[in-house]
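Okay everyone, thanks for coming.

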2 protein chains.
Amino acid sequence: MFDASALRHHLATAHDLNASATVLEWDQETYMPDGGEDARAHQVATLRRLAHEHFASDTTSTLLARAEAETPADPLVVVARRDFDRATLLPPRLVAETAEAVARAKSAWRRARETNTFSVFAPHLERLVALNVERANLAGFADTPYDALLDLYEPGLTARVLDGVLGDLRRDLVPIVEALAAQPRPDDAFLRARYPTETQWTFTLDVLRDVGFDFQRGRQDLSAHPFTTSFAPADVRLTTRVDEHFFPTAFFGTLHEAGHGLYEQGIDEHYARTLLAEGTSLGMHESQSRLWENQVGRSRAFWAHYLPQAQRRFPDALAGVSLDAFYRAVNAVEPSPIRVEADEVTYNLHIMLRTDLERALVEGRLAVADLPEAWNEAYRDVLNLVPGTDALGVLQDVHWSLGTFGYFPTYTLGTLMSAQLFDAAEDALGPMEGYVERGDFLPLLGWMREHVHRYGRAKSAAAILLDATGQSLDAAPWLAYIRTKYGALYPGAGL
Amino acid sequence: MFDASALRHHLATAHDLNASATVLEWDQETYMPDGGEDARAHQVATLRRLAHEHFASDTTSTLLARAEAETPADPLVVVARRDFDRATLLPPRLVAETAEAVARAKSAWRRARETNTFSVFAPHLERLVALNVERANLAGFADTPYDALLDLYEPGLTARVLDGVLGDLRRDLVPIVEALAAQPRPDDAFLRARYPTETQWTFTLDVLRDVGFDFQRGRQDLSAHPFTTSFAPADVRLTTRVDEHFFPTAFFGTLHEAGHGLYEQGIDEHYARTLLAEGTSLGMHESQSRLWENQVGRSRAFWAHYLPQAQRRFPDALAGVSLDAFYRAVNAVEPSPIRVEADEVTYNLHIMLRTDLERALVEGRLAVADLPEAWNEAYRDVLNLVPGTDALGVLQDVHWSLGTFGYFPTYTLGTLMSAQLFDAAEDALGPMEGYVERGDFLPLLGWMREHVHRYGRAKSAAAILLDATGQSLDAAPWLAYIRTKYGALYPGAGL
């Protein structure tokens with residue numbers, strides 16, 4: 001009898017090639033000297049090309065068909081089928097055209113942002129929208145081409161489901177933000193004092209250890225833009241960056257990446273060298289990073305534990321700062337034009353308006369030429385501000401220049417799922433506050449490992465959520481969390 | 001008309017795969033967490049396997065034959081033929097058996113060394129000798145199977161040529177070492193004072209910059225065993241290690257690796273992504289590392305320049321140490337049982353006796369069972385000492401456990417060539433002393449670039465040496481260098 005082992009063995013080569021390319025990309029962002037750029041581009045391109053050729057081959061097709069006949073429910077077989085169909089969906093012409101369009105768009109976007117000239121980027125954006133629509137048409141969809149694109153980043157998610165949750169979210173969140181924005185901003189000047197780089201770095205390593213990141217099976221390095229990547233569940237790399245004059249950058253950046261890293265380290269080792277050895281979706285991944293950054297890391301209990309040691313580490317910056325003052329400062333809410341600098345409350349408004357706009361582009365309801373105005377209008381409507389320039393507005397994010405449409409909503413899905421999962425963990429373990437105040441993070445991590453991490457891609461995000469929480473995707477738990485937390489922080493807002 | 005460009009294009013894929021494997025190996029030695037070991041072994045094995053399959057393919061054979069018909073003298077074609085014949089020489093059975101034998105021998109050697117039990121390693125060593133003889137027989141040779149093995153590491157070198165130079169060297173060097181060993185050992189206790197790690201690290205980076213290592217096109221990191229590796233001429237990685245209580249480890253280690261790194265950075269950029277983008281032989285590579293470590297780095301002029309700043313950096317360790325005292329200390333000669341700790345004078349005796357022994361093994365004149373005794377006898381004869389244990393004797397080096405026989409002599413070839421090249425550079429530029437005293441290393445580097453580095457593998461070591469120095473391989477220049485330098489350092493020795 002045939003089993004999936006022949007398929008598994010065959011696919012391991014493609015897996016090794018892709019994992020190797022990922023090592024090279026990690027090195028490129030952390031240690032590679034500038035001179036290495038040309039050679040590195042060739043090396044990564046060769047590895048990715050060979051991985052694709054190996055994976056999208058007749059051999060895979062044959063082995064996959066045999067495996068489906070014998071063990072159709074084997075998660076590896078299911079995921080391999082999904083990936084194989086995706087890898088072979090596009091004719092080589094479209095793959096090549098997309099790669100070229102992205103390469104051009106990336107540098108056009110950089111120039112456009114530097115010179116604050118949207119028109120430099122516009123024709124490239126048009127091209128990328130058209131290519132995405134072509135892709136969606138090839139993939140097929142029920143209601144809108146946006147469905148086919150969402151499925152790339154959050155398998156199984158549809159625009160219809162998304163509409164429902166985002167609608168709920170918007171209805172409640174916009175008035176919450178309005179109420180909070182009307183309150184006086186807490187004093188957070190001390191977060192901008194001097195925090196010596198080396199001490200910050202050590203603090204991030206210590207907190208990583210505390211939350212359960214395993215340095216035998218991973219490490220943290222510096223990079224210009226923080227990210228997490230995994231070469232195997234036992235080799236997970238985080239990066240952070242340190243701003244000597246803004247404490248939250250490194251500390252919360254590290255906690256955010258820790259969430260991603262703990263997920264990858266928690267995947268069942270049996271899935272190593274297979275397609276299953278990854279987080280199941282971008283949204284589920286983001287649920288883990290948001291959970292550790294916000295639900296845990298920006299809680300009062302967390303700082304009840306860490307503020308005393310932060311004060312020992314940074315006596316000049318934090319002497320005399322009370323727990324309440326610190327807690328308020330790291331949870332200041334203020335509408336601002338830049339997504340990546342947004343607080344946890346306003347963040348999702350940034351996502352919602354991007355989701356609306358990219359969907360309108362893909363559905364042909366919005367022309368690229370009209371995008372900057374639509375962007376500014378949306379910011380005025382939703383956040384009551386207008387970015388000063390397109391560089392600070394429609395050109396701020398890299399995503400569209402990479403040809404990714406349907407990615408943005410996964411940030412909000414992650415936010416919502418983080419609250420659902422946190423609530424479920426509390427149902428099982430009791431209130432987190434007590435654990436967190438003692439610096440005892442392992443029960444929470446253990447629960448996430450058990451219900452989320454270990455499955456890798458062997459279980460869908462929707463199934464994980466349902467089994468772990470008894471619910472499907474729902475905005476209410478996160479909204480309740482926000483109301484409780486910020487109601488207490490801003491008693492005058494009347495949440 | 002066909003040119004080598006189709007061949008070059010085809011081989012670039014294998015080159016990228018090998019370069020990528022090298023990146024992964026570098027990461028493994030520098031940053032990889034222990035947990036990454038399993039996955040990394042798979043990744044590297046996959047990349048090397050695919051590189052080999054791609055290179056040793058019928059396509060390569062066809063393209064190579066066409067290129068040879070059209071441009072037989074193209075260095076790429078010549079080198080590709082040599083590598084292709086080597087890659088396809090061994091039947092797959094022998095490749096697999098060798099790989100397995102090496103894997104077993106490596107761990108047996110480690111166990112044998114830890115427990116000081118040669119017999120644990122002996123059967124594995126026998127097997128590796130037999131496999132090397134089988135390989136030599138397949139490759140063919142004129143005088144001795146050792147010829148075929150030498151050719152793997154120093155293309156074109158024969159046992160007959162080696163016999164000539166090593167004979168000259170031994171005749172003169174043994175009495176020199178005897179005379180030096182009879183002299184009182186200079187005081188070098190201050191080299192074992194405390195040298196703070198961070199300050200040593202900064203010093204090594206500064207000296208790397210001074211000698212012309214380009215940090216836009218390379219970097220230095222820490223590793224347990226120093227090495228140099230290159231992913232491209234514009235991305236060259238050095239490593240060093242720091243011993244807080246022994247100054248020479250990091251400093252001279254860095255200078256040694258700098259020699260290798262400058263060579264790799266100096267290779268013509270046009271050779272990037274081809275078989276030519278490497279040093280031409282192990283001996284020529286070692287000539288560069290020895291030159292910077294010894295001829296330059298252990299010269300009096302060098303320390304006339306660096307001692308004052310070393311004293312500023314390490315005031316506690318070096319206060320009151322005179323230039324002469326420092327110069328004597330870093331050039332102390334003393335026969336000792338361990339090769340990697342040997343001074344530059346006795347070092348070559350360690351190599352010569354290993355060369356004799358491995359050749360005798362390969363030629364069937366020495367049985368593995370008799371090797372420990374032969375080793376100890378040779379040390380008694382040549383260095384007038386007997387290692388206390390086999391772990392400190394015959395088991396000290398990793399080379400044989402990796403199945404490499406014919407590698408050791410390249411260390412001595414490098415030493416000899418370093419003196420020949422240094423002399424030629426002085427003939428062209430005038431005495432180096434003046435430059436070095438001013439910290440002006442670029443004329444010497446420029447000369448090496450021009451006459452050695454830029455060619456990569458496009459010119460053989462013998463041709464480089466002949467064109468650059470007007471000589472073939474010769475022990476006399478190095479012996480003259482040693483007599484002059486150590487005659488002055490040890491006036492009582494009567495050299």
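In what sense do strand 1 and strand 3 of chain A pair, and over how many bridges? Keep that in mind while I do the housekeeping. This is a predicted model, where local features need a pLDDT of at least 70, side-chain atom pairs count only at pLDDT 80 or more, and totals for chains, interfaces and linings use all residues. Residues are numbered from 1 along each chain as its sequence is written, while chains are lettered from A and ligands numbered from 1 in the order in which they are written.

How confident is the predictor? pLDDT is its confidence in each residue, from 0 to 100, and chain A averages 96, with 99% of the residues at 70 or above. For the model, ipTM is 0.93 and pTM is 0.94.

Back to the opening question. Strand 1 of chain A and strand 3 of chain A, residues 235-240, pair in the parallel sense, over five bridges. By pairing I mean that DSSP finds at least two bridges between the strands. Helices (H or I, at least four residues) and strands (E, at least two) are DSSP runs, numbered from the N terminus. If you want one bridge to look up, A:Asp221 has A:Thr239 in strand 3 of chain A as its partner.

Now zoom out to the sheet in chain A. It is open, with three strands in the order 1-3-2 and mixed pairing. Strand 1 and strand 2 of chain A are the edges, each pairing on one side only. On average, neighbouring strands are turned by 20° against each other, direction ignored. For angles, axes are lines fitted to C-alpha atoms, for helices over the stretch in contact, and the angles run from 0 to 180 degrees between N-to-C directions.

Over in chain B, there is an open sheet of three strands with the order 1-3-2 and mixed pairing. There, strand 1 and strand 3 of chain B pair in the parallel sense over five bridges, and B:Leu222 is bridged to B:Thr240 in strand 3 of chain B. Helix 10 of chain B, residues 247-265, lies across strand 1, strand 2 and strand 3 of chain B, at about 165° to strand 3 of chain B.

Next, where do the chains meet? 32 residues of chain A are in contact with 32 residues of chain B, contact being C-beta atoms, placed from the backbone, within 7 Å. Helix 1, helix 2, strand 1 and strand 2 of chain A each supply at least two residues of chain A's side. Helix 1 of chain A gives the largest share, eight residues. By class, chain A's side has 15 nonpolar, nine polar and eight charged residues. Here Ala, Val, Leu, Ile, Met, Phe, Trp, Tyr, Cys and Pro are nonpolar, Asp, Glu, Lys and Arg are charged, and the others, Gly among them, are polar.

Last stop: helix 17 (residues 409-429) and helix 21 (residues 476-489) of chain A. Their axes come within 7 Å and cross at roughly 80°. That makes helix 17 of chain A roughly perpendicular to helix 21 of chain A, a label covering 65 to 115 degrees. Among the residues that meet there are A:Leu416 and A:Ala419 from helix 17 of chain A, and A:Trp478 and A:Tyr481 from helix 21 of chain A. That contact has five nonpolar, two polar and one charged residues.

Methods:
Contact = placed C-beta atoms within 7 Å. Parallel < 35°, antiparallel > 145°, perpendicular 65-115°, else oblique. pLDDT = per-residue confidence, 0-100.
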